[in-house]
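Subject: Structure for your review

Dear colleague,

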Amino acid sequence: MTANVQRRLRKVLGDAGIAGDHPHMFRRTVATVINDQASVNRAAELLGHIDPKVTIEHYRGGAAARG
């Protein structure tokens, strides 16, 4: 994600009163929802991870680690 997009997203979130969040939180949220609704294999595929172990390791402690 480019710095300009990150900057704009932070501004929008700040204007909405949502502080302390970052663009990667959206990726984590997507991984969690996909894992909960489908599987860690599907989450890995959509996130571009060749091996689901990468998804499990990267999102360890979150819902994506459960599937």
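A helix here is a DSSP run of H or I with at least four residues, numbered from the N terminus. In that sense Glu45 has its place in helix H3. Please note that the model is predicted.

Overall composition

The chain contains four helices and zero strands, and its pattern along the sequence reads α-α-α-α. Of its 67 residues, 22% count as buried. The accessible surface comes to about 4800 Å², and carbon and sulfur atoms account for 55% of that area. As for contacts between residues at least 6 apart in sequence, 34% of them join residues at least 24 apart.

The pairing of H2 and H3

Two packed helices are described by the angle between their axes and the distance between the axes. For helix H2 (residues 24-37) and helix H3 (residues 40-47), the angle is about 145° and the axes are 7 Å apart. The crossing of H2 past H3 is right-handed. On the H2 side, the contact is made by Arg27, Ala31, Ile34 and Asn35, which meet Val40, Arg42, Ala43, Leu46 and Leu47 of H3. By residue class, this contact divides into six nonpolar, one polar and two charged residues.

The buried face of H3

Which residues of H3 are buried? They are Val40, Ala43, Ala44 and Leu47. Seen down the axis of H3, these buried residues fall within an arc of 100°, so they line one face of the helix.

Just after H3, Gly48 takes a positive phi of about 85°.

His24 lies in helix H2. Is His24 buried, exposed or partly exposed? With a relative accessible area of 28%, His24 is partly exposed. Leaving aside residues up to four places away in sequence, His24 touches His58 and Tyr59. The C-alpha atoms of His24 and Gln6 are separated by 9.6 Å, the two residues being 18 apart along the chain.

Thr32 also lies in helix H2. Its relative accessibility is 23%, so Thr32 counts as partly exposed, given that buried means under 20%. Between the C-alpha atoms of Thr32 and Tyr59 the separation is 8.5 Å, although these residues stand 27 apart along the chain.

In brief, H2 and H3 pack with their axes 7 Å apart, and the buried residues of H3 line one face of that helix.

With kind regards

Terms used. Residues numbered from 1 in each chain as written. Predicted model: local features only at pLDDT ≥ 70, side-chain atom pairs only at ≥ 80, totals over all residues. Heavy atoms only, no water. Axes fitted to C-alpha atoms, helices over the stretch in contact; angles between N-to-C directions. Helix = DSSP H or I, 4+ residues; strand = E, 2+ residues; numbered from the N terminus. Left-handed = near helix turned anticlockwise from the far one by under 90°. Contact = heavy atoms within 4.5 Å. Nonpolar A, V, L, I, M, F, W, Y, C, P; charged D, E, K, R; others polar. Buried < 20%, exposed > 50% of the residue type's maximum accessible area, 1.4 Å probe, protein only. Areas by Shrake-Rupley, 256 points an atom, 1.4 Å probe, with all protein chains shown as cover. Arc of directions from axis to C-beta.
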